[in-house]
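Please look over the notes below with the model open.

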Amino acid sequence: MDIRFLEAGTEAAGDGAPMVVARIVDQDALPADLEPVLGEAARASRFTGKPGQLFEGFVTRDGAVVRVVLLGAGESDAKDRDLALEKAGAALSARFLAAGVEGVQLDLRGPALSAEGAARVLLGARLRAWRMDAYRTTQKPEQKRTLMRIAVSGAPAGTEAVWQREAAVAEGVEFTRELVTEPANILFPESFVARCEARFAGTGVAMRVLDEPAMRELGMGALLGVAQGSVRPPRLLALEWNGGGDAARPTVFIGKGVTFDTGGISLKPPAGMEDMKWDMGGAGAVAGAMLALAGRKAKAHVVGICGLVENMPDGNAQRPGDVVTSMSGQTIEVINTDAEGRLVLCDALTWAQRVWSPARIVDLATLTGAIIATLAMEYAGIFSNDDPLADALASAGEATGEKLWRLPMGAAYDKQLDSGIADMKNVGGRYGGSITAAQFLQRFIDKGQAWAHLDIAGTVWADKPGATWDKGATGYGVRLLDRFVRDTLEG
Ligand code: BES
Ligand code: MN
Ligand code: ZN
């Protein structure tokens, strides 16, 4: 989506169709300069300006037909005002994305918007307009995307500068959505890395890639055990952005990048297995967040690590009962080959701590179905050994709408992982599956290492449209991590 700021006094050029002009409307506060007939029509259709509500009507202005769109932004003093403004922008895109109009004008005069607030309207509009049509060749004209341009007028002073920053975040979210949406025959460990190589060229991000021999050398038996059933070789990818700050000890983000999860020999049932193309959503979020940070030249030192494997059940696949040795030296009895994410992450965690001595680690993973049973799509789960870190992440979640809910950890849960033959099993008992998964990861965290684990299995993919996304990949995690960096490392 091309978002452009108009000089004061100019109007967007039409494309033949009636010009579309959108306005932001606070709750019960129709614009004072609105034509009375539009005001009446809006009231008659019970438009009150609730967040995301949309009204549309036609008037003649100077002899030309103008299509006027009112976008509800809710109460001006609402606690979640910024999210309501995003919804207003998103409503515009959702309405016109395939409505036959190529460009709309967004007139931000009226409600008292800050530059920050105005940029949130634009962010909502841009994010909601993303969709992937790469594999559609037979769309009917009325299904095709038409909206490509938003011309912004009447924005408060300073909006363009704030938008520059938010546009970098949008780039990151869109990159994540692209990675998450791609099917597993297209996106696998090597092609994930290749896409990052193309995307990060010229951004100032340094890339480091470990191939299978390099991982074997380092003793990453847990990650390699998962990968051994696939013909597609694994990769461990590190993306480093050093924009200043506490340069000696970076913040490290780690993402689960299982490019397809069949379950392995502990095979998943067929129904819904196609969803497991997005089992790389954690790695996708990490890559997108790194793109956002580099794009807006964040003043922070951050390393993003993606653990990339495909979990398949071939003749060389690992078996339930196999014992593998992780890079940390701890041995793991693989009871269930479908609990593979933790096996990938544990070696990535050890590698991160050995190479970077991180100030803090945040991992993101579509780790358990149990987190979906617990929190549905509303919140991702957060587990942490560090209260300030957990609180900072939760605040970043509230500010961006990518919400987190903290769940407990403790010795009683950890005990469930004890094994009769090795240092631990890779699964716990029947209950508390998200917690025992977190306990497993914690066994690979060095003493004193600040760490948080985000179980994002419920938030990566949406089966219906949401605030700033269509159904499909949400891009969850990018805005959360970007905001965390802003408020905690740059603040
Ligand atoms: N990738 C899945 C978790 C998942 C399930 C993500 C549904 C998104 C939607 C993970 O690898 C997995 O299979 N977890 C198992 C763990 C179990 C075997 C202990 C699960 O949640 O069932
Ligand atoms: Mn699995
Ligand atoms: Zn998985």
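1. The shell around ligand 1 comprises 7 charged, 6 nonpolar and 4 polar residues. Here Ala, Val, Leu, Ile, Met, Phe, Trp, Tyr, Cys and Pro count as nonpolar, Asp, Glu, Lys and Arg as charged, and the others, Gly among them, as polar. Of the 17 residues around the ligand, those that come nearest are Lys 268, Asp 279, Asp 338, Glu 340 and Gly 369; a residue belongs to the surroundings if one of its heavy atoms lies within 4 Å.

2. This is a predicted model, in which local features need pLDDT of at least 70 and side-chain atom pairs pLDDT 80 or more, while totals for chains, interfaces and linings use all residues. Residues are numbered from 1 along each chain as its sequence is written, chains are lettered from A and ligands numbered from 1 in the order written, and side-chain values use heavy atoms, without hydrogens and water.

3. A nitrogen atom of ligand 1 lies 3.4 Å from a backbone N or O atom of Thr 366. Taken alone, ligand 1 exposes 510 Å², and the protein buries 77% of that (Shrake-Rupley method, 1.4 Å probe).

4. The side chain of Ser 191 reaches the backbone nitrogen of Phe 188 at 2.8 Å.

Conventions:
A polar contact is a pair of N or O atoms within 3.5 Å; within protein, one must be able to donate a hydrogen and the other to accept it, and residues adjacent in sequence count only if both atoms are side-chain atoms.
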